[in-house]
Amino acid sequence: MFGTHPFGLLRNPRHGVPGVTVLPASGFRRAKAAITSWPGYAPTPLHDLPAIAAAANVAALRIKDESGRFGLGSFKALGGAYAVATLLSAELSRHGIAVSTSAEALADGRCRGSTGSVTVTCATDGNHGRSVAWAAWRFHCQCVIFVHETVSQGRVDAIAAFGADVVRVPGTYDDAVREADRRARAEGWFVVSDTSYPGYTEVPRDVMQGYRLMADEAADQWTGPPPTHVFIQAGVGGAAAAVSVQIRARFGTAPVLVVAEPDRAACLFASARAGTLTAVGGNLDTIMAGLACGEPSLLAWQELERAAFAFTTIPDAAATDAMRLLAGAGLSIGESGVAGLAALMLAAQDRAACGTLRLSPASRVLCFATEGVTDSFSYQNLLGSHQR
């Protein structure tokens with residue numbers, strides 16, 4: 001059962017307007033070749049959900065399940081780890097130590113004497129920091145991760161398990177981003193962020209190129225007529241933009257792309273409404289911790305401001321309903337991994353929204369479950385509270 005909840009919907013007035021190429025195809029080819037060569041790589045499953053499709057009154061619903069990605073529990077393993085490997089290889093080349101060092105060479109320790117003096121850092125709500133920490137452990141460099149004050153201890157512990165130093169910062173995710181940048185400048189560290197801003201775009205571009213593999217796999221796995229719609233959640237927007245680029249590259253007629261955000265942290269929705277990059281304030285208090293971002297990524301916005309068909313906002317209660325819906329289908333998906341599905345279910349209950357989004361009984365929908373259960377206590381508490 002999916003409840004009735006208020007939600008926001010804005011059709012993008014700039015949809016289809018020509019723009020810049022944010023993620024060149026050559027960069028994705030390099031990312032794909034590298035990541036698919038790593039030990040433990042395997043495409044994550046694409047699940048067909050006929051019962052939920054029927055409940056949403058669409059012809060097909062399939063969800064890309066990132067809960068098992070490299071054992072890290074989220075799609076973030078694709079981006080942060082690839083960016084760390086690329087950064088370390090570039091540093092070794094810049095110092096004349098080695099040219100085009102492979103991830104295998106970084107991982108086997110032969111460059112440890114050089115990489116051991118490098119420190120990578122980032123801010124995180126949990127998943128991205130875990131990916132960067134895993135890469136630092138795997139490729140033998142130092143790592144400091146900044147988290148804001150409401151990141152759960154379970155997520156902090158998962159990052160620290162890879163040997164990273166974890167520093168709590170008062171305030172929101174965006175405050176942690178600023179502190180990571182400040183400390184990196186002072187200490188000579190390297191920021192490996194999944195958000196971009198003026199003067200800092202190349203590393204986030206590598207992160208996003210890694211994310212594209214998730215959508216590329218989904219296109220490979222899709223059978224029958226192509227999807228008509230893609231619902232994808234967003235924090236700063238990096239994953240949504242990466243999915244947008246790849247589905248446009250893989251399908252002849254680009255599906256309708258709908259971006260979903262928490263209603264308490266909807267910076268992309270606000271940007272679309274204002275017609276320019278816009279931050280939102282407040283404490284960004286949402287159970288969808290990985291999406292609790294108040295400032296959009298510059299690169300992501302450059303893609304989504306023209307490629308997204310619509311932007312939606314959803315309440316926490318809808319995310320909890322979506323988690324329970326997927327649990328009933330045998331899928332354990334975390335709070336930040338269900339926003340796209342929640343947006344679909346809310347829109348499906350609203351005739352006007354269906355009209356705006358061109359949803360019909362003939363629609364074929366692709367969603368992305370971008371994380372598994374990254375905090376078991378939070379997951380069980382949310383599902384339990386929903387059932388009482």
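The backbone nitrogen of lysine 76 lies 3.1 Å from a polar atom of the serine 74 side chain, a polar contact (N or O atoms within 3.5 Å; within protein, one must be able to donate a hydrogen and the other to accept it, and residues adjacent in sequence count only if both atoms are side-chain atoms). The model is predicted: local features need pLDDT of at least 70 and side-chain atom pairs count only at pLDDT 80 or more, while totals for chains, interfaces and linings use all residues. Residues are numbered from 1 along each chain as its sequence is written, and side-chain values use heavy atoms, with hydrogens and water left out.

**Serine 74**

- Serine 74 sits in the loop between β3 (60–65) and α3 (76–94); helices (H or I, at least four residues) and strands (E, at least two) are DSSP runs numbered from the N terminus.
- Serine 74 counts as buried because its relative accessibility is 1%, where buried means under 20% relative accessible area (1.4 Å probe, protein chains only).
- Beyond its neighbours within four places in sequence, serine 74 is in contact (heavy atoms within 4.5 Å) with Glu66, Arg69, Asn127, Thr370 and Glu371.

- An open sheet of seven strands has the order β1-β10-β9-β8-β11-β3-β2, with mixed pairing; two strands pair if DSSP finds at least two bridges between them.
- Its edge strands, β1 (8–11) and β2 (46–48), each pair on one side only.
- Strands β9 (residues 256–262) and β10 (residues 310–314) run parallel and are joined by five bridges.
- Phenylalanine 311, in strand β10, is the bridge partner of valine 259.
- With a relative accessibility of 0%, phenylalanine 311 counts as buried.
- Leaving aside neighbours within four places in sequence, the contacts of phenylalanine 311 include Gly8, Leu9, Leu10, Val259, Phe269 and Trp301.
- Serine 271 is 40 residues from phenylalanine 311 in sequence, and the two are 9.9 Å apart in space, C-alpha to C-alpha.

**Four-stranded sheet**

- Four strands form an open sheet with parallel pairing, in the order β6-β5-β4-β7.
- The edge strands here are β6 (165–169) and β7 (190–191), each pairing on one side only.
- Six bridges pair β4 with strand β5 (residues 142–148) in the parallel sense.
- Threonine 124 has valine 147 in β5 as its bridge partner.
- Helix α8 (residues 173–187) packs on this sheet and touches β4, β5, β6 and β7; its direction makes about 165° with that of β4. Axes are lines fitted to C-alpha atoms, for helices over the stretch in contact, and angles run from 0 to 180 degrees between N-to-C directions.

**Pocket and cavities**

- On a 1 Å grid over the protein atoms alone, a cavity is a set of points where a 1.4 Å probe fits but cannot get out, and a pocket is an open set with protein on both sides within 12 Å along at least five of seven lines; lining residues have an atom within 4 Å of a point.
- The largest pocket holds about 500 Å³ of space, the volume being that filled by probe spheres set on points joined across faces, edges and corners.
- The largest pocket is lined by 23 residues, the closest to its centre being Arg30, Ala34, Tyr82, Ala85 and Thr86.
- Of the 28 residues lining the largest cavity, Phe75, Lys76, Asp194, Gly290 and Leu291 lie nearest its centre.
- Helix α10 gives the most to the lining of the largest cavity, with three residues.

Key: Buried means under 20% relative accessible area, exposed over 50%, partly exposed in between (1.4 Å probe, protein chains only).
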